[in-house]
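Open the model in your viewer and keep the selection panel at hand.

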Amino acid sequence: MSEPAPHLSPQEFRRRGYAAVDWVAGYLERLETLPVTADVEPGWVRAQLPGQAPEDGEDFAAVLADLDRVVVPALMHWQHPAFFGYFPANASGPAILGDLVSAGLGVQGMLWATSPACTELETHVLDWLADLLDLPRAFRSDGTGGGVLQDSASSGTLCALLAARERATGFASTDEGVRGLLTVYASSETHSSIEKAVRVAGLGAAQLRHVPVDARLALRPDALASAIAADRAAGATPCAVVATVGTTSTGAVDPVRAVGEVCRGEGLWLHVDAAWAGVASVCPEHRALNDGLELADSYATNPHKWLLTNFDCSAFYVADRAALVTTLSVLPEYLRNAATESGKVVDYRDWQIPLGRRFRALKLWFVVRHYGARGLRAHIRHHVELAALLAERIAADPSLELAAERSLALVCFRHRDGDEASEALLNRLNASGALLLTHTRAHGRYTLRLAVGGAGTQRRHVEAAWEHIAAAAAAVSG
Ligand SMILES: *Cc1c(COP(=O)(O)O)cnc(C)c1O
């Protein structure tokens, strides 16, 4: 008989666990003193590592030391208070600890029966979240629908399009094949994950219609109706519309109610992608974001972007869970069990693409219980106020202009001297290491994006960012 592997004893695990938590706390503490982005050449990280895995196990202290030597210098510090790029990927103490507990429990919650707590806590916390965001009742588990945690909004969109595809074809297309028959609609500003989902769902990328937008970069319902009519006239079967609440480029909000009315009239599935902006409706003053949601078949928002829950945690809701479950359920003999057969439980494997799933709800539960509704509202409000302050300064600066109306905590702007000056401005800012912004094109023009959203971002960080921006803008004008 060979020896067992050299596992950690509970005492050894405890000691190393404290050291690892200490290391994370230390990292978060000194984050602000680090440049926001990594300055390493491609291949640098691999060049620091041995070519082969160790034959004999190493000391944990050596592993931790390599975090400082190899990992930290090659990070973009997403939790840095001067990180204003992309959209935020909030982490928070309670969420980090929730993930640690999830790893510690190590359960696989594919079925209710494989850990009832994993399923029921998730259902319950998603009902809480639906209430906190004031979502329509149909999205709650005690209505016809319910929520599930996905790894990402991209996965939610894929599930929505699959269910839409099946509903449009009498739940038979898996056997028949549908490539080239069904059409999907989204605005020209929609996220790239929509096209990916259309491809993966087997509809064919050419079946995605990019509907024109208005001056505020929001989808035009009249253009949507014409596109649907043209497709019907050409013999296609319109199947689904994806509306965006808070586009990735500029935070534009599609008119969900008008889009929903078109969908109802035409019998199309409406998915609402509110990946970043949706969580802002924890604040009553942002509830206009929910207007028309009762016409939606599915909805997604990411606590892992702007609600203090570290990646991955995307809340996906459906109004009719039967359509989703019928689409995704395949039950082999080895998963049969009495609870499933009783019809009294939720088996979340039928609500997502993979079979296996981790205990993601813990971190969201920790977050909601630590901050409370009041704390979550304060988090969103603080950032929206800081972004408003910055937008005012930008609008008043002689060399800058807003490229779109501020959307919540996202400010889009450009240099008045044109695209080259705007690009030079972004490069100059990011090269300083003192802050990070990203860019897009809005109305065809090079546009800087500044998204306030770091858990640690305070007024002083935004004031400092403004100093950098004003100085760089003047230098670029030179
Ligand atoms: C960020 C974003 C996504 C993608 O989110 P993931 O969770 O990374 O898949 C989709 N749609 C919009 C509008 C986004 O802003």
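Select the shell around the ligand: by class it holds 3 nonpolar, 9 polar and 2 charged residues. Here Ala, Val, Leu, Ile, Met, Phe, Trp, Tyr, Cys and Pro count as nonpolar, Asp, Glu, Lys and Arg as charged, and the others, Gly among them, as polar.

This is a predicted model, where local features need pLDDT of at least 70, side-chain atom pairs count only at pLDDT 80 or more, and totals for chains, interfaces and linings use all residues. Residues are numbered from 1 along each chain as its sequence is written, and side-chain values use heavy atoms, with hydrogens and water left out.

Now colour the shell. In total, 14 residues surround the ligand (a heavy atom within 4 Å). Ala153, Ser154, Asp273, Asn302 and Lys305 are the closest.

Serine 154 places a polar side-chain atom 2.6 Å from a ligand oxygen. For aspartate 273, the distance from a polar side-chain atom to a ligand nitrogen is 2.6 Å. Asparagine 302 has a polar side-chain atom 2.9 Å from an oxygen of the ligand. The ligand taken alone exposes 390 Å², and the protein buries 88% of that (Shrake-Rupley method, 1.4 Å probe).

Switch to cartoon. Helix 6 (153-168) and helix 11 (303-306) each give at least two residues to the shell. Helices (H or I, at least four residues) and strands (E, at least two) are DSSP runs, numbered from the N terminus.

Finally, select residues 182-187 and 208-211. These are strand 2 and strand 3, paired in the parallel sense over 4 bridges (pairing takes at least two DSSP bridges). Which residue of strand 3 stands opposite alanine 186? Histidine 210 does.

Conventions. Polar contact = N/O pair within 3.5 Å; in protein donor to acceptor, adjacent residues only side chain to side chain.
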